[in-house]
Amino acid sequence: MIYLDHAATTPVKPEVLEAMLPYFTEHYGNPSSIYKVAQRNKKAIDDARAVVAGHLGAQPNEIFFTSGGTEADNWAIKGMAEALKEKGNHIITTNIEHHAVLHPCQYLEKNGFEVTYLEVDPDGLVSAEQVEAAIRPETILITIMYANNEIGTIMPIAEIGAVAKKHGIVFHTDAVQAVGHLPIDVHAQNIDLLSLSGHKFYGPKGTGALYVRRGLKLPPLLHGGGQERNRRAGTENVPGIVGLAKALDLACQDMEAKNAKIKALRDYLIDGIKARIPYCRLNGHREKRLPNNVNFSFEFIEGESLLLLLDMEGIAASSGSACTSGSLDPSHVLLALGLPHEQAHGSVRFTLGENNTREEMDVVLAKLPAFVERLRSMSPLYEE
Amino acid sequence: MIYLDHAATTPVKPEVLEAMLPYFTEHYGNPSSIYKVAQRNKKAIDDARAVVAGHLGAQPNEIFFTSGGTEADNWAIKGMAEALKEKGNHIITTNIEHHAVLHPCQYLEKNGFEVTYLEVDPDGLVSAEQVEAAIRPETILITIMYANNEIGTIMPIAEIGAVAKKHGIVFHTDAVQAVGHLPIDVHAQNIDLLSLSGHKFYGPKGTGALYVRRGLKLPPLLHGGGQERNRRAGTENVPGIVGLAKALDLACQDMEAKNAKIKALRDYLIDGIKARIPYCRLNGHREKRLPNNVNFSFEFIEGESLLLLLDMEGIAASSGSACTSGSLDPSHVLLALGLPHEQAHGSVRFTLGENNTREEMDVVLAKLPAFVERLRSMSPLYEE
Amino acid sequence: MYSQKVMECFMNPKNVGEIENADGVGTVGNAKCGDIMKIYLQIEDNIIRDAKFKTFGCGAAIATSAMLTEMVKGKTIDEAMKITNKAVAEALDGLPPVKMHCSCLAEEALRAALWDYAQKNGLTIDGLTPPDNIHEEEHTADSGEN
Amino acid sequence: MYSQKVMECFMNPKNVGEIENADGVGTVGNAKCGDIMKIYLQIEDNIIRDAKFKTFGCGAAIATSAMLTEMVKGKTIDEAMKITNKAVAEALDGLPPVKMHCSCLAEEALRAALWDYAQKNGLTIDGLTPPDNIHEEEHTADSGEN
Ligand SMILES: Cc1ncc(COP(=O)(O)O)c(C=O)c1O
Ligand SMILES: Cc1ncc(COP(=O)(O)O)c(C=O)c1O
Ligand code: FES
Ligand code: FES
């Protein structure tokens with residue numbers, strides 16, 4: 001199989017699994033317990049917290065483990081809204097956020113909040129100026145993703161952070177696609193809250209974290225036991241937390257060299273597709289782009305059929321569309337770029353990983369043009 | 001080590017871990033993806049859902065996977081409150097629920113809801129009559145735990161379910177301590193919502209599920225992607241879900257025989273302690289009790305010190321107190337039974353598991369009396 | 001997700017293409033929804049002699065187009081009128097629930113082509129109403145974005 | 001959670017017991033909070049000749065009681081007055097943050113015993129105020145119930 005869907009999820013690295021294993025069957029004690037065998041688990045969590053904090057430029061007590069990126073996003077957004085509702089009811093975000101941000105925002109809209117969805121430019125960018133222009137006296141939260149999951153565009157986070165700081169507004173970023181892939185420094189970038197998800201950087205599914213700047217009063221989303229310093233209840237997923245930290249540690253090792261390699265493959269694929277297939281469009285910013293993201297619209301054809309053909313040849317990719325199983329619902333991200341509906345439907349995302357090779361890119365480049373041609377020949381929209 | 005804290009958490013069984021392993025490194029594809037390698041994971045989740053449903057007497061589409069018991073409790077309670085807030089604002093629960101139920105209730109109280117905390121009797125029981133008497137026209141939810149985590153008392157769930165049904169009120173039960181340990185049939189028992197947590201029956205931490213009776217409109221707690229039929233967003237924790245189902249399946253095999261064995265050990269320990277140590281009290285109902293639960297108050301001494309002494313001998317138990325690291329906060333459960341503060345502070349819980357032996361009970365019975373005596377000799381409360 | 005039969009029909013679809021001077025042509029769906037299905041019929045003596053399609057759509061849409069056109073060939077108009085989307089789905093060994101609407105699309109396209117034929121020839125066909133392109137309902141799907 | 005030193009002092013606590021006809025006895029805490037500490041002092045010529053304790057409380061409470069009584073033995077009253085809860089905690093190689101208040105309890109108990117001695121003997125001790133049993137603040141802890 002040629003796996004080109006690393007933005008959806010990544011395999012757990014063997015070293016990561018190995019780090020996790022003892023915590024399933026051997027060191028299983030509840031970290032909140034008093035006896036010695038459980039204390040080791042408490043230490044494992046503390047160590048993991050320090051590792052995660054280190055890679056974000058944060059302090060360990062600013063890191064809270066969650067069940068994934070979605071929980072972190074929900075917590076940050078609904079929590080800040082609840083905490084600051086006396087201060088104001090306005091939130092600024094973009095129209096290309098992940099649904100884990102958009103849907104909480106829409107939920108808040110039904111509960112008395114107002115949300116500005118900034119429109120991105122054709123490359124998927126918002127500017128710090130746009131953000132600043134949208135600020136109102138009642139603005140309490142800015143939530144803007146670090147890098148987009150579909151088109152890979154990287155937002156000007158430090159600039160937006162500076163604007164947020166200047167106006168004294170809390171700034172959250174959904175960095176699920178960035179953590180482990182791009183260098184991050186929450187203090188230099190003035191980030192107040194940051195979401196991450198373990199399975200996007202070779203860690204286990206069902207793990208994530210929220211960075212919360214010290215001093216920010218964020219009420220819990222999950223109420224219950226006193227875990228995570230009374231902020232996130234629930235027995236800690238010790239193996240998951242250990243795995244997340246180990247994976248992040250590995251991901252951040254030689255990040256620059258790994259990214260250079262992946263970027264070269266990415267550009268090879270992008271240039272190859274452009275050279276071989278007419279009527280196609282690279283979606284997302286050409287330079288301000290995740291090192292591993294390739295997203296193309298192929299005119300006149302629909303994405304799912306192309307994915308099926310690729311799958312038959314052992315190539316795993318994903319459609320630009322949010323939900324792969326119903327084409328009535330084209331990707332809100334691609335529509336936000338200004339793509340017509342039929343192009344939004346005809347998009348395919350390839351996201352590369354550490355182990356992909358140039359040979360694999362060659363296979364894709366060899367097969368893809370014929371697949372596109374075949375579907376075009378069936379398409380009522382395509383007239384030579 | 002003699003591990004006697006199975007109510008806190010259990011080790012993952014080797015068979016469970018084995019079932020999970022392929023989903024970390026090999027079958028890692030995102031279950032929502034279209035390609036074949038991910039479809040296998042979708043099937044794994046579907047199979048797991050069917051297994052869990054089967055053991056509860058539910059339908060697969062009534063099971064939703066969560067990150068644990070805490071999330072399931074929060075979701076059920078806050079979700080139903082949100083869904084039914086036009087209908088009424090009154091909730092009925094007990095004063096010995098887990099904090100994962102109590103704290104969401106207290107949160108709702110701050111947001112316009114009224115909560116009746118039914119007082120349990122000295123054995124920790126509430127009756128269906130108490131529940132019925134507390135019902136008001138504006139009652140929208142009854143949430144009562146299946147079995148208590150500290151004292152092991154089993155509530156009359158079927159009777160309470162019948163009352164709820166008679167009055168057309170939604171009934172949720174936190175069955176975290178019961179699932180995998182007691183036979184459950186949500187339809188026969190008229191349960192509308194039921195929370196469970198994987199790591200209480202030899203499954204992995206960070207996994208859980210909520211049963212939601214078909215037709216009940218429960219809005220999501222975590223908003224985002226369309227996973228779990230749009231009810232619980234977030235990339236599915238495939239290995240965790242597989243592990244939870246496998247563990248439940250194993251737990252339900254020969255449940256009766258296993259329980260008979262554990263119950264015999266439990267009673268041996270209870271009788272042995274009573275015979276050997278003066279001024280002690282068994283907390284919780286003598287018969288309507290989880291097969292694995294032993295909870296004693298030892299007068300004149302404080303629980304943590306006793307736990308430390310036991311730990312030095314390799315015996316892992318837990319204090320009756322909710323939070324082991326601060327004795328200012330005695331267990332709300334023990335206080336609810338009517339225990340004076342100093343007795344509530346002096347409680348120790350032993351919870352047995354499938355692998356405990358009679359020899360281990362003998363070790364505990366050999367050591368415990370001397371430990372209690374030693375601490376009593378230091379206690380200003382104890383005068384011979 | 002798809003049955004083997006669907007994948008077969010998708011990978012090697014029969015009847016792809018156009019019929020020149022077709023006796024009836026029906027187009028349903030629209031690009032906005034991501035589905036367009038166009039069916040061409042050649043009809044002689046009340047019998048469908050040939051059928052072809054062009055489809056912009058998902059795998060199920062392509063497979064149902066191919067199956068439907070195959071099923072109608074050789075049938076009388078009345079027989080063809082009895083072909084339901086369910087029958088097409090069954091012939092494909094079933095479709096995932098979220099994909100049933102794709103088979104509706106095929107049924108609609110067939111009827112639109114028959115309507116076109118009837119209009120051109122001043123006929124009325126029992127039970128046939130004008131096509132109205134109603135393929136607009138929302139469909140929710142059990143999947144997440146990533 | 002606890003340092004080795006704390007565990008040592010807890011497992012083999014020195015000075016457990018009562019002093020008959022003690023010159024000063026101090027009791028602080030109460031059973032409601034789950035902590036009671038009682039310290040007995042034997043004082044001669046302004047010097048603490050012996051100290052003993054009885055404690056109902058957690059491991060840290062017992063360890064600090066033992067350490068504190070050990071530390072005051074042989075000290076003058078003025079020297080004893082300078083012993084802070086921090087000093088006791090340090091002598092134990094530190095205490096977990098949520099357990100620092102247990103060392104406060106020990107300091108308070110010592111002062112209460114000294115106050116008792118002063119009262120009985122009509123003395124005033126520099127810096128000593130009457131004990132007021134203020135061990136009531138909430139303490140939150142980083143742990144869950146299960
Ligand atoms: C940008 C972004 N945010 C949030 C999420 C949600 O993360 P998870 O599925 O781990 O909850 C994802 C991936 O699914 C993502 O790509
Ligand atoms: C009765 C009860 N409810 C809820 C929970 C919470 O479960 P979890 O810690 O898995 O979130 C627990 C255990 O911690 C429990 O014993
Ligand atoms: S045509 Fe298949 S999804 Fe609509
Ligand atoms: S005396 Fe140690 S917890 Fe209060």
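Sixteen is the count to keep in mind here: of the 16 residues around ligand 2, the ones that come nearest are A:Thr235, B:Thr70, B:Asp174, B:Ser197 and B:Lys200. Keep in mind, too, that this is a predicted model.

What does the shell look like by class? Around ligand 2 there are 10 polar residues, four charged ones and two nonpolar ones. As for secondary structure, helix H4 of chain B (residues 69–84) gives the largest share of that shell, with three residues.

## Polar contacts and burial

In A:Thr235, a polar side-chain atom lies 2.5 Å from an oxygen atom of ligand 2. B:Ser197 also puts a polar side-chain atom by a ligand 2 oxygen, at 2.6 Å. Then there's B:Lys200, with a side-chain N or O atom 3.0 Å from an oxygen atom of ligand 2.

And how much of ligand 2 does the protein bury? On its own, ligand 2 exposes 390 Å², and the protein buries 98% of that. As for where to find it, ligand 2 sits in the second largest cavity.

## Over in chain C

Chain C comes with a record of its own. An unreviewed UniProt entry annotates residues 1–121 of chain C as "domain: NIF system FeS cluster assembly NifU N-terminal". In the model, that span is 46% helix and 22% strand, and its end C-alpha atoms lie 42 Å apart.

How values were computed. Residues are numbered from 1 along each chain as its sequence is written. Chains are lettered from A and ligands numbered from 1 in the order in which they are written. This is a predicted model: local features need pLDDT of at least 70, side-chain atom pairs count only at pLDDT 80 or more; totals for chains, interfaces and linings use all residues. Side-chain values use heavy atoms; hydrogens and water are left out. A residue is near a molecule or strand if one of its heavy atoms lies within 4 Å of it. A polar contact is a pair of N or O atoms within 3.5 Å; within protein, one must be able to donate a hydrogen and the other to accept it, and residues adjacent in sequence count only if both atoms are side-chain atoms. Accessible areas come from the Shrake-Rupley method with a 1.4 Å probe; for residues, only the protein chains shown count as cover. On a 1 Å grid over the protein atoms alone, a cavity is a set of points where a 1.4 Å probe fits but cannot get out, and a pocket is an open set with protein on both sides within 12 Å along at least five of seven lines; lining residues have an atom within 4 Å of a point. A molecule sits in a cavity or pocket if more than half of its atoms lie within 2 Å of its grid points. Helices (H or I, at least four residues) and strands (E, at least two) are DSSP runs, numbered from the N terminus. Ala, Val, Leu, Ile, Met, Phe, Trp, Tyr, Cys and Pro count as nonpolar, Asp, Glu, Lys and Arg as charged, and the others, Gly among them, as polar. UniProt positions are given in the numbering used here, feature names are shortened, and annotations may be inferred rather than shown by experiment.
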